[in-house]
Amino acid sequence: MTAATMPGGEVVFPDGRHALTPEADAALDGSPLHNEDLAPVPMKKRTWTTYNYLALWVGMSINVPSWLLASGLIALGMAWYQAIFTIFLGNVIVLVPMLLISHAGTKFGLPYPVIARASFGVWGANLPALLRAGVACGWFGIQTWIGGTALFAVVGALLLTITGNNDWWTNAAQIAIGTSNPWTVWLCFIIFWLLNILIILRGMEAIKRFENWAAPFLIVVFLVLMVWMIYQAGGLGPVVDNPGTLGWGGDFWAVFPLSLMGMIAFWSTLSLNMPDFTRFGRSQREQAVGQALGLPTTMTLFPLVGVLTTSATVIVYGEAIWDPVALTGKLDNPIALLVMLAALALATLTTNVAANVVSPSYDFSNAWPSKISFKTGGIITGIIGILIMPWNLLATPELYIFTWLGFYGGLTGAIAGIIVADYWLIRKTRLSLTDLYKPQGIYRYARGWNWRAVVALVVGAFLALGGAYSAPGTGPFPENGFIPILKPVYDYSWLAALLIAFVLYWVLARFIPEKNQDVVDATPVPAETAA
């Protein structure tokens, strides 16, 4: 492949992707903003195909919280088809900024925190990076707790099926760690935590292989579970016949905005850090098609499988069993239990490692590149994920959807708006690779911070989240919101924050521009292929 070279050792290939020559990358080794994990990915390592991105999204989307998304909406009064429609629409919407930001990862081979340096400044990028990392640590705790309790439940069911008694396992002595659980639950939690850390320590190539083979296995297992339950029930059951209590009138539209924002916020953080994966993409087309095929389809069909399976459980067991872990505990076949144990563990691992450990690993590394590597960042994520202990967010659908997903969606929406405006409108997708790693380069701004991005983030988040409210007795926010006049805006927190920050940043950067920001995309000087 022939290419063109730019001053400073930046190489531009015919398909528009950029890389650094080995000499240019080595020259940045002494920079406090550079390490091997944050450096642009060499072209020979950009090997991810359409299937890799499709498998990545299948693996991330098939998990217990995704299965339960429809149940939370149905518990609020929606019919099953209203819930599925809300989930589908939310994922189509969030796909748009996800693909826009992913473009930078594939074009330049950069992770999310390095891309953020262009808009926030070389030091200011730590603000959006650590905000993203904090959210990921919370999700890591949730998913690891779900994985640990699933392991505990299925092992208990397996012991009961094989030995006829599991009292020693389920009734083990309690350990006072803030919750009334037997020590065996905490043992499973720690085992599952270690599995996550072991995978991340193997690096991104191991994660790619793991997602590649896990995705088809998970699809087959959960489809077989659905078909089996429908066969046992002799039909679909009453859940699919339930029209809900909201109808299509005012009651539905009162709940719909917050529910939609919750669905968008479910993957809104990935809209920020998908460059962590697309930096390994073989082409823009492959990463875009893979994501478009993987995210909206899997995130719609998997909750639908959950609805149909749960509907059948009403006939088979006399009650609606939404939790796949509880449903697995009802199985009395050791082989089926072992398969479901593997499926539940894999479903949680594929989501947790890719969605909740990769990003903060890069984010923490960005905070101190000379001391924190990608692997060290993964260990930090795991430790903070335990200390946060955020599983209480799963206590009620209102707390889970409205408080957790809705509130942090406003923060991530503002960050996404700033990065999209900067990359697409201000810079026209042009970046200087070497300057992103130089403390005194063109992205230094004022002492490493771009005040325009900070102002846009604060204003966007304030206006979107200032009206945060909770229904009486369901959450930590005032019933009428912190600022009552902003209460209606909170219903659309992610979208409002994105649009406000997008417009404000563009206005500030366009009419109060930083000097010396022009970047030439390529020069016509031929060069050899980069390493």
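Reader: Which helix gives the largest share of the lining of the largest cavity?
Author: This is a predicted model, where local features need pLDDT of at least 70 and side-chain atom pairs pLDDT 80 or more, while totals for chains, interfaces and linings use all residues. Residues are numbered from 1 along each chain as its sequence is written, and side-chain values use heavy atoms, leaving out hydrogens and water. Helices (DSSP runs of H or I, at least four residues, numbered from the N terminus) that each supply at least two lining residues are H6 (126–163), H11 (268–273) and H15 (334–367). The largest share, four residues, comes from H6.

Reader: What volume does the largest cavity have?
Author: A cavity is a set of points on a 1 Å grid over the protein atoms alone where a 1.4 Å probe fits but cannot get out; lining residues have an atom within 4 Å of a point. Arg132, Trp139, Phe266, Tyr408 and Asn356 are among those lining the largest cavity. Its volume, the space filled by probe spheres set on the points, is about 90 Å³.

Reader: How many cavities of 30 Å³ or more are there?
Author: The cavity of about 90 Å³ is the largest. With 30 Å³ or more as the limit, the count is four.

Reader: What box do the C-alpha atoms of the protein chain fill?
Author: The chain has 20 helices and four strands (E runs of at least two residues). Of its 531 residues, 59% are buried, meaning under 20% relative accessible area with a 1.4 Å probe, counting protein chains only. Along the principal axes, the C-alpha atoms fill a box of roughly 75 × 50 × 45 Å.

Technical notes: 1 Å grid on protein atoms, 1.4 Å probe; cavity = no way out; pocket = protein on both sides within 12 Å on 5 of 7 lines; lining within 4 Å. Buried < 20%, exposed > 50% of the residue type's maximum accessible area, 1.4 Å probe, protein only.
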